[in-house]
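The following questions and answers work through the architecture of a two-chain model. Please examine the sequence and the structure before reading on.

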Amino acid sequence: MKTLKGILGYSWAFLTIFIVLATFIGNDYFSGKLASATDIKISPWFSGGEIIKTIDHGAYKTYIHRPVFDALIGERRKGFIQLNWEPYAGLPPVVQETIDYNDDNRADFLIILNTQTGDTTLSANCSTVLSTERSYRLKKGWAVRVILKK
Amino acid sequence: MKKDAADASAIKKRSLFKTVLLCLPMMLLTFMMLTQGSIPTDGERLFALIATFLFFNILFFLMVRTGKTDRFRSILFITLAVCFVFSFISNLIAVRGSMALSRATMIEGGAPFCHLVIPMTIIPAALTKTIIFPGKILGRYSIAGMFVLWIGVSLALGRGLCSWFCFFGGLEDGFSRILKKPIIKNMNKKWTYLPYAVLLGIVLLSALTLSPTYCKWLCPFKAVTEYVEITSMQVLIQTIIFVSLFIGLVVVLPILTKRRTQCGLFCPLGAFQSVTNKTNVFEIRLDQDKCIKCNKCIKACPTFSIDEESLGRGRVKTSCTKCGKCVDACPQQALFYHVKGTPLVSKLDRYRLLFLYPAFLVLAIISSRFVQDAIVKTINLITTGTTI
């Protein structure tokens, strides 16, 4: 038993050199495998959530993300919906978008964004739309988060 | 007594030929990892490569030849931290124009992921299949990439990660070596439980709020990497907290105590990493027959991992980072690296070498890019006045 333990100990110790080499050399491979195997994503509280609708305005597009209310278990009472306008080059001085985020065929809010200054104006048509967070100037275009409640 | 110590050190002193032979594998491996299959053609990069290669291998040669581990590990470990900070900040300034991290960058997933965040992300990842960090899953400084490094290094070294991989630890290690003798000599043992409390607190809070609480409120290393752009009173308070923690835990207390206080008394990843020591093959053990109870190891340990009680059991605590400082400090060579499952007090040199190869390799590989980058940027700074 002692000899077996010794052999296992030495083998494991020797194997660590290969573990280290594999970890660094195969980092891209293993991280790709890890990401695909776990299907893990960035929390929508940071990424804005998946895009559920794209409106093509010709020179620019509006990307509407899904409403984010995610909690550790279940949902939170307060969340947001993120809208992106891209690309910069195609954006007019002012963009405005009417959004029906809950698919009830009624406009829930109207948002107006000044693409020069980033100023936003929100007109809420339902009580679940609260306000806007500040607008964000991204690499490709503008993003705005509208605060919602359940 | 002196004769015993001399005899003990004589055990580890190797002939030049044998040392070179033992260093050859490391030379080949570091060459392979530094070049990654191609040798740079421009002068600055080539110089950086040669200088880094020589630096690493001289340190490893001295480790093998002299039998001293921490003395040479610490040089590379501190170099890693300094070069990391220099390289990282200059890259941020080149790419973003400042060290500040804007909300827009966070929305785009532009925040580099570091290993200290890992414990906070596990519960939300398990329950929501999402990572609560504004970074990227794949690519440079990615979340998946860092997880793979963490898993690999933890499998190989356990909590040795904290002394052979962590690019922050070298900062406090450096500060803890400034004074010859500590000004604060005794610390209540209860403080060593603090990292576990911090770990529990931030894991629960992060899971409940779905945001990385430690990064947002407590990480001292934001002071030397990146910080959230100050746009509100809350962010200002957060900034004051992490700057204060950096000054207190990474600069002042390590100087006064000669210990790595952030690692030993605060770091949640360190606490989390202690678990991996239980399953790791390498450990530090004590030969109680040789021990003369001089307590030099207790005074030397930078992470409060040795006390009379643990010495009585012939082992160190699970918080040990395997830096080797106690092994170097012991005049009797009673403390030694050990491979689990093997006989306790024979082949000590073999055990140490079996640990040194993977451990030094980790340190060399993780340092290589930052050290080379820092050399190139320093050359640019001297010759052109800019790091780019």
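Helices (H or I, at least four residues) and strands (E, at least two) are DSSP runs, numbered from the N terminus. The model discussed here is predicted.

Q: What pattern of helices and strands does chain A follow along the sequence?
A: Chain A contains three helices and 10 strands. Read along the sequence, these elements give the pattern α-α-β-α-β-β-β-β-β-β-β-β-β.

Q: How far apart do the C-alpha centres of domain 1 and domain 2 of chain A lie?
A: Chain A is divided into domain 1, residues 2-38, and domain 2, residues 44-149. The distance between the C-alpha centres of these two domains is 45 Å.

Q: Which helix of chain A gives the most residues to the side that touches chain B?
A: In the contact between the chains, 39 residues of chain A meet 46 residues of chain B. Helix 1 (2-25), helix 2 (27-38), strand 1 (41-42), helix 3 (44-47) and strand 9 (129-137) of chain A each supply at least two residues to this side of chain A. By class, the side comprises 23 nonpolar, 10 polar and six charged residues. With 15 residues, the element of chain A that gives the most is helix 1.

Q: Which residue of chain B is the bridge partner of A:Ile42?
A: Strands of a sheet pair through backbone hydrogen bonds, either parallel or antiparallel. Strand 1 of chain A pairs with strand 2 (residues 130-131) of chain B in the parallel sense, over two bridges. Within strand 2 of chain B, the bridge partner of A:Ile42 is B:Ile131.

Q: Which strands are the edge strands of the open sheet of three strands in chain A?
A: This open sheet has the order 6-7-8, with antiparallel pairing. Its neighbouring strands are turned by 10° against each other on average, direction ignored. The edge strands each pair on one side only, and they are strand 6 (94-99) and strand 8 (120-124) of chain A.

Q: How are helix 10 and helix 14 of chain B oriented to each other?
A: Helix 10 (residues 194-209) and helix 14 (residues 268-279) of chain B pack with their axes 8 Å apart, at an angle of about 100°. Residues in contact include B:Tyr196 and B:Ile202 in helix 10 of chain B, and B:Phe272 in helix 14 of chain B. By class, this contact has eight nonpolar, one polar and no charged residues. An angle of 65 to 115 degrees counts as roughly perpendicular, and the two helices of chain B are therefore roughly perpendicular.

Q: Is the peptide bond from A:Glu86 to A:Pro87 cis or trans?
A: A:Pro87 lies in the loop between strand 5 (75-86) and strand 6 of chain A. Most residues other than glycine have a negative phi, and most peptide bonds are trans. With omega near -15°, the bond from A:Glu86 to A:Pro87 is cis.

Technical notes:
Residues numbered from 1 in each chain as written. Chains lettered and ligands numbered in written order. Predicted model: local features only at pLDDT ≥ 70, side-chain atom pairs only at ≥ 80, totals over all residues. Domains from an automatic or database assignment. Axes fitted to C-alpha atoms, helices over the stretch in contact; angles between N-to-C directions. Parallel < 35°, antiparallel > 145°, perpendicular 65-115°, else oblique. Contact = placed C-beta atoms within 7 Å. Nonpolar A, V, L, I, M, F, W, Y, C, P; charged D, E, K, R; others polar. Pairing = 2+ DSSP bridges.
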